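Here is a short tour of one protein model, written for someone who likes to follow along at the screen. Have the sequence and the structure open as you read.

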Amino acid sequence: MSSGLLDRHLAFVEALRGAGLSVSLAEDLDAVAALGVVGWGDREQVRDVFAATLVKKQSQRTTFDTLFDVYFPRLVGDGVGRLDGDAAVEADDQDGPAVRDNAEALAAFRDELADALATGDEQVLQQLAAQMVAQFGAMPGRGPGMSSWSAYTALQRVAPQELVDRIVAGLMTDGADESAAADARRTADRRVGSFTSMVEGDARRRIAEEKGPDHIADVAVRPSIDRLAFMAARRTDLEEMRREIYPLARRLATRLTKEHHKRTARTAPLDFRRTVRASVATGGVPLTTYHRPKRPHRTDLVVLCDVSGSVANFAQFTLLFVFALREVFQSMRAFTFIDHVHEVTEHFRPGADPADVLADLAAATSHAALWGRTNYGRAFGKFEETYGDALGPKTTLLILGDARSNYSDLNEDVLGRLAGSVRRSFWLNPEHERNWGTGDSAAPTYRDVVQMIECRNLTQLDEFVHGLVL
């Protein structure tokens, strides 16, 4: 591996670590050894080698692919499109300056793009993405001879989402029924979404050429899905989180069961008679000790969850995650609130599809609001008044919310009574701790009453639940 490739490889590995992927030195060396065998001739093969040696979870693959495309780009500059640029320069010499972006050029490009999306040819779509950024995504640079690129500008100009009807028409055949039309529309939406990702990736590649891949890795690459903040998740991220949440909960439940048995075996009382009987075989020396089975300690869990718009993503995933671990608790009751309290325990049916549960929770949100403005103090008062009997000395109380109460009465005395009536209580806040107390945040006040923990992503949620049930 030449020094240039070695430097690029090391920078790539550091960027992966910075994005949250744990890449050890041994895995780093494995990747170098594997690349020494397969060579650098096939870019997709190089990508597969890096993925096989450096990626441990499927949820990390999106981040890995994004960084790979930044550090090992598919092409440089306009690539094949440069020929068109040279031809344009020649045309400039002959016929004067060639106009690359006007209404006529835009209409012609959209026609070509609609045809390509209807056929679904990946190679053609990759070329069109590069052409689209070069033609419609260029922005004036900050200095002479400099330029920058914007996927947003290019997508606003071309508006591929508005081509869906034309793509559907291209996919439909004569005599197709409504079911076929629905399938065609889903296919069209999926291809447009994939093309949008190609455009965003090409813009990142061009900016990386100007400012360096390290700059893009620091500012433009989103962290892996398990480290992505709930509050910053986009629609596509939410879909990926939904796919990740249940396998993550199952893995955690299995691990908890094993750790519980080990912990029980170490701390259980000694079974003296059985240990002595076993020592007869070793001349009275108790080489093996036996312990009495310890009665499992299980608690009730009551979840009180803010479902206002600002924390909706955080609320639904946290509720689902805790629900997935319901076997660990003796019983679980869940309540949602904005300025009024509503019980949603009935929606967590055993065996229910997570998507259906999320839809039911979204529909039940309207019952949690009377005035529509978040009011923690009023919600705590209503909970004590209506559902106070849900709490008891065996209960663990879990409050989920950002503690932003629109400068209303905080009713911290009521919260103190609620926390005092249970075995233990926790508050998960999806905001970064440095923002607690800013604006209308009442986090410092409530933190003095209930232990408040920062919980901004799936990794922090995993760590908290692990500590909660042990």
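## The sheet

Two strands are said to pair if DSSP finds at least two bridges between them. Helices (H or I, at least four residues) and strands (E, at least two) are DSSP runs, numbered from the N terminus. With that in hand, look for an open sheet of six strands in the order β5-β4-β3-β6-β7-β8, with mixed pairing. The edges belong to β5 (341-343) and β8, each having a single partner strand, so one side of each is left without a neighbour in the sheet. From one strand to the next, the twist averages 25° (axes are lines fitted to C-alpha atoms, for helices over the stretch in contact, and angles run from 0 to 180 degrees between N-to-C directions).

A word on the source: this is a predicted model, in which local features need pLDDT of at least 70 and side-chain atom pairs count only at pLDDT 80 or more, while totals for chains, interfaces and linings use all residues. Residues are numbered from 1 along each chain as its sequence is written, and side-chain values use heavy atoms, with hydrogens and water left out.

## Strand β7 and its two partners

How much of strand β7 (residues 424-429) is covered? Five of its six residues are buried, where buried means under 20% relative accessible area, exposed over 50%, and partly exposed in between (1.4 Å probe, protein chains only).

On one side, β7 pairs with strand β6 (residues 395-400) in the parallel sense over five bridges. Here L398 stands opposite F426, and L400 has L428 as its bridge partner. On the other pairing, β7 and strand β8 (residues 451-454) run parallel and are joined by four bridges. W427 is partnered with M452, and N429 stands opposite E454.

## The crossover from β6 to β7

Strand β6, helix α17 (residues 412-420) and β7 make a right-handed β-α-β unit. Right-handed here means that, with the strands pointing away from the viewer, the path from the first strand over the helix to the second runs clockwise.

The loop between β6 and α17 is worth a visit, as it holds A403 and Y407. A403 has a positive phi of about 65° although it is not a glycine, and Y407, also a residue other than glycine, has a positive phi near 60°. Are these two buried or exposed? A403 counts as buried, at 0% relative accessibility, while Y407 is exposed, with a relative accessible area of 68%.

Which residues of α2 are buried? They are E27, D28, A31 and L35. Seen down the helix axis, these buried residues fall within an arc of 105°, so they line one face of α2; the arc is that of the directions from the helix axis to the C-beta atoms. On the other side of α2, L25, L29, G36 and V37 are exposed. Just after the helix, G39 takes a positive phi of about 80°.
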